[in-house]
Amino acid sequence: MDKEKIILTADRPTGRLHIGHYVGSLKQRVELQNSGIYEKVFIMIADAQALTDNAENPEKVRQNVIEVALDYLACGLDPKKSIIFIQSQIPELCELAFYYMNLVTVSRLQRNPTVKTEIQMRNFETSIPVGFFTYPISQASDITAFRATTVPVGEDQEPMLEQTREIVRKFNAIYGDTLVEPEILLPDNAACLRLPGIDGKSKMSKSLNNCIYLSETTEDLKKKVMSMYTDPNHLRVEDPGSIVGNTVFTYLDAFSKAEHFERYLPDYANLDELKMHYQRGGLGDVKVKKFLNAIMQEELEPIRNKRKEFEKDVPAIYEMLQKGCFIARETAAYTLNNVRKAMKINYFDDQELIKEQVKRFSQK
Ligand code: TRP
């Protein structure tokens, strides 16, 4: 029989979610949730992982748990179909991580490219918190506790998945077949893999102040789109422009569909025609930006409105999360039980053990 397909994915609650999260992952999650292919879908708010580099900021993490939950619901994640829960409420995850730590070397963690970049970004070089350093192991617990077969995440998480698969293989080789080896599921549109910030510099990130948030107001969204980085050498409308590294075109790659041209820019059949005109010269940035703004308003308006609805009943959101935690905990406890058994640390529920020991000592 085929293994049942299970999804687990997560976000660190360090800020509201932005459109990089949306095109890179949230949108696809909603589709996966509604596809009916998956037996279970677990969506975790990774507050414990957020604390690995925010130990001094518990309030920030606490405030953003609800922000992220609201963004999830606004995007269409549905607690009737997905189990939405909070990492810190599942203590089984810590115990799993404690055992997995024996299967990973310090040098292997040091080689993890994501950890390497994050250490640099946070200026942790000389004083890396141990919890932060070992978070790939904790992430392996997150994934394996729910027996996830499929982990939809951005490409920056590839090293985490590789680390998880190594732990699973090692565990199963030593202790017998217990854990499920997961696969990464990347977004299919290349532009969605690493959506740049509006400054065009690097990935959208709160610390760089280059984000468009899902909950952005109509006016702020427009302002941000109109101020986006384009081709700095495209000074006059007649000048030929470059679309490479041009944020507006990258966003169009991620967001535009044929129907948008019909609706807002009928002079062009598709994005290729628009790009060609821009490269030839004679197409101004403002026109392209206005088009992008129309598309983004259309995409984000329903999300913004849904969010406002959910904000009206915050206690219901916490109740939903608490239910999610309850179910998630049962699942993780089941896996932990199997892990303990495989590792032979299940002393009190193993009748054979006592019999064996009785025999061993009576033969002395
Ligand atoms: N590291 C992920 C991020 O920064 C969040 C995360 C925590 C995660 N645990 C996970 C993602 C388990 C997928 C599976 O976005």
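1. The lining of the largest pocket draws its largest share, five residues, from helix H1, which spans 19–35. A pocket here is defined on a 1 Å grid over the protein atoms alone, as an open set of points where a 1.4 Å probe fits, with protein on both sides within 12 Å along at least five of seven lines, and lining residues have an atom within 4 Å of a point. Helices (H or I, at least four residues) and strands (E, at least two) are DSSP runs, numbered from the N terminus.

2. Please read everything here as describing a predicted model, in which local features need pLDDT of at least 70 and side-chain atom pairs count only at pLDDT 80 or more, while totals for chains, interfaces and linings use all residues. Residues are numbered from 1 along each chain as its sequence is written, and side-chain values use heavy atoms, with hydrogens and water left out.

3. The volume of the largest pocket is about 1,400 Å³, a volume being the space filled by probe spheres set on the grid points, which are joined across faces, edges and corners. Its lining comprises 46 residues, of which Arg12, His21, Glu118, Asp156 and Lys203 are the closest to the centre. Besides H1, the elements that give two or more residues to this lining are strand E1 (6–11), helix H6 (113–121), helix H8 (135–145) and helix H10 (190–193).

4. By class, that lining holds 16 nonpolar, 17 polar and 13 charged residues, where Ala, Val, Leu, Ile, Met, Phe, Trp, Tyr, Cys and Pro count as nonpolar, Asp, Glu, Lys and Arg as charged, and the others, Gly among them, as polar.

5. The ligand sits in the largest pocket, in the sense that more than half of its atoms lie within 2 Å of the pocket's grid points. The residues around the ligand, among them Leu8, Arg12, Met44, Ile143 and Val153, are those with a heavy atom within 4 Å of it. This shell divides into seven nonpolar, three polar and two charged residues; H8 gives the most to it, with three residues, and E1 also supplies at least two.

6. Among the 18 residues that line it, Val65, Ile86, Ser88, Gln89 and Tyr318 are the closest to its centre. Helix H3 (58–75) is one of the elements that give two or more residues to this lining, together with helix H2 (47–51) and helix H16 (314–342), and H3 contributes the largest share, seven residues. By class, the lining is made up of ten nonpolar, four polar and four charged residues.

7. Two backbone values deserve a look. Arginine 147, in the loop between H8 and strand E4 (150–152), has phi near 55 degrees, a positive value in a residue other than glycine. Lysine 344, in the loop between H16 and helix H17 (351–362), likewise has a positive phi, near 60 degrees.
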